[in-house]
Structures are given as C-alpha cells and as structure tokens.
Amino acid sequence: MDDLIVRNISRMIIPFIQLYGIFVVFHGHLSPGGGFPGGAILGASIILYTLAFGSEKGHLKLPHSIAKWLESGAVIWYIILGLFGIFAGHVFLTNKPAGFYMGQAGDIISGGFIPMVTLAIGIKVASTMITLFHTMIEEEEH
Amino acid sequence: MKKLIMFTALGGLLFIMISSYMQMPPMGNVDNPSYNEVAEYYLEEALEDTHSPNAVAVIIMDYRALDTLGEATVLFTSIAAVLTVLVGKDPKPGEEESHHG
C-alpha cells in the first residue's frame, strides 16, 4: 500500500503502539495484561509497518534469521528459569523458594521470575505474529 | 435396520446427556464444586507467595507456569509447522525456474 497519508499516520502512531506494548509486557505482574496481549500489541505494530511500507522494508525490521533466535531463545529462557527451581532443591518452575529476587509488591522489578517469564512470552508472541504475517505476505508475492 | 440402530444409539446418547445435565449444579451457585478451597487459597496467598498484586498473572505465570510453558510450546510448534509448509527448503537461485515451471 503506497499511500502518503497511511505512511505518515503509521509513522506517527507506531512508536506509541510499541510503547504501549512494552508497557503491557513490563507491567504484566502489576496490571491487567501480560505476555500474550503485550506481545500481540508489539506484533501488531510491526504488522502495521509492513502494511504501510511494504513487505521488503517490513522484513528488514525482523528478519527470519533473528526471529528464529528470538523464538527458540524465549522458550529456552523459560525452561532455564524453571530449571533454577530444580537446582535449588524444589520442583520445576518454583518461584519464591528458589531464591529469585522478590522485591516490594508493586515495583516493576519484583515478583520473582514472573516479569522475566512475561518478557519471554511477550517476545515470543510478537515474533510469532510477525513471522507468520511476513511468511504469508511473501508467499502471496511469489 | 441400520437407521433403527443409529436412532437407538443417538437416542440413548441424548438420554444420557440430558440426564447428566439435570444433575449439574445451578449456574453461579456459591456451593458449586468449582468454587473450592483452591480459588480461596490463590486469592488469599498470592500476594504473600509472589509479591505481585495481579492475581491472574500470578496464577498463569507462577502456580500454572507449566501450563504456560505448554502454551509457549504450542506457539513454537505452530510457527515451526507453518514455516515448514509455506517456506520449506530454499531453492538455489539457478534451480528456481525449473521447480516453479
């Protein structure tokens, strides 16, 4: 879609969408939201960029070579966080007894591994949405 | 004869389903089996256990973290399957013409 109005409005609105997505992901343990909706908002911003600026420029924002590392890395990071519980002498995915930093309730850095898990889920959902969209767009253009 | 068997089987199934539906507790009742001590424990102890005020996030990321790991695995498997079907193996630049033809 090569339209001046769409391109300029997208350029203005995409930073705010991404800021909101990052806010939802980082406040996943404090406010409604979390990894899945926050990642969906982040993915939607890049999908809007692809729709406004074309598939080639959109593909440069998240190439498949980076997306595959993000997706595998998020799941592996989740499993490593779970293994900390086993090494601390508890069951898989133990939070407080495993010795994670708990902090003060209500702070951004608190709640043990919940923010880290939320971050991993957010990255994974965003990367999955973007990769799926880019793959289908490229398939149509061939 | 075939139809008779089918109607008997389906009618029996309908009877079983309706009779079990009649045994269900009324919707929204406080004494329902789903409102047991697990929900009370989550609401009362979530802040103490995880220092996080969002009880929903506590349930899905802490008490039910293995379930969320399963959801992440489902996402991973789905994107792997879609990429396998749609992209497949990258053909070499020279061979591309012959494959598409």
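Predicted model: local features only at pLDDT ≥ 70, side-chain atom pairs only at ≥ 80, totals over all residues.
## Interface between the chains

On the side of chain B, 23 residues are in contact with 32 residues of chain A. Three helices of chain B each give two or more residues to the side that touches chain A: α2 (37-50), α3 (55-63) and α4 (65-86). The largest share is that of α4(B), with twelve residues.

By residue class, the side of chain B that touches chain A divides into 15 nonpolar, six polar and two charged residues.

## Largest nonpolar core

The largest nonpolar core holds 35 residues. Those touching the most other members are Y78(A), V117(A), A120(A), I121(A), V125(A) and A126(A), together with M61(B). Elements of both chains give two or more residues to this core: α1 (4-26), α2 (35-53), α4 (64-87) and α5 (114-141) of chain A, and α3 and α4 of chain B. With nine residues, α5(A) provides the largest share.

Leaving aside neighbours within four places in sequence, A120(A) is in contact with A74(A), W77(A) and Y78(A). In soluble globular proteins, nonpolar side chains tend to be buried together.

## An exposed leucine in chain B

Helix α1 of chain B, residues 2-22, contains L14(B). L14(B) counts as exposed because it has 10 C-beta neighbours inside 10 Å, and a residue is exposed if that number is 12 or fewer.

The C-alpha atoms of L14(B) and L86(B) are separated by 43 Å, the two residues being 72 residues apart along the chain.

Definitions and conventions:
Residues numbered from 1 in each chain as written. Chains lettered and ligands numbered in written order. Contact = placed C-beta atoms within 7 Å. Helix = DSSP H or I, 4+ residues; strand = E, 2+ residues; numbered from the N terminus. Nonpolar A, V, L, I, M, F, W, Y, C, P; charged D, E, K, R; others polar. Buried ≥ 20, exposed ≤ 12 C-beta atoms within 10 Å, placed from the backbone. Core = buried A, V, L, I, M, F, W, Y, C linked by C-beta atoms within 7 Å.
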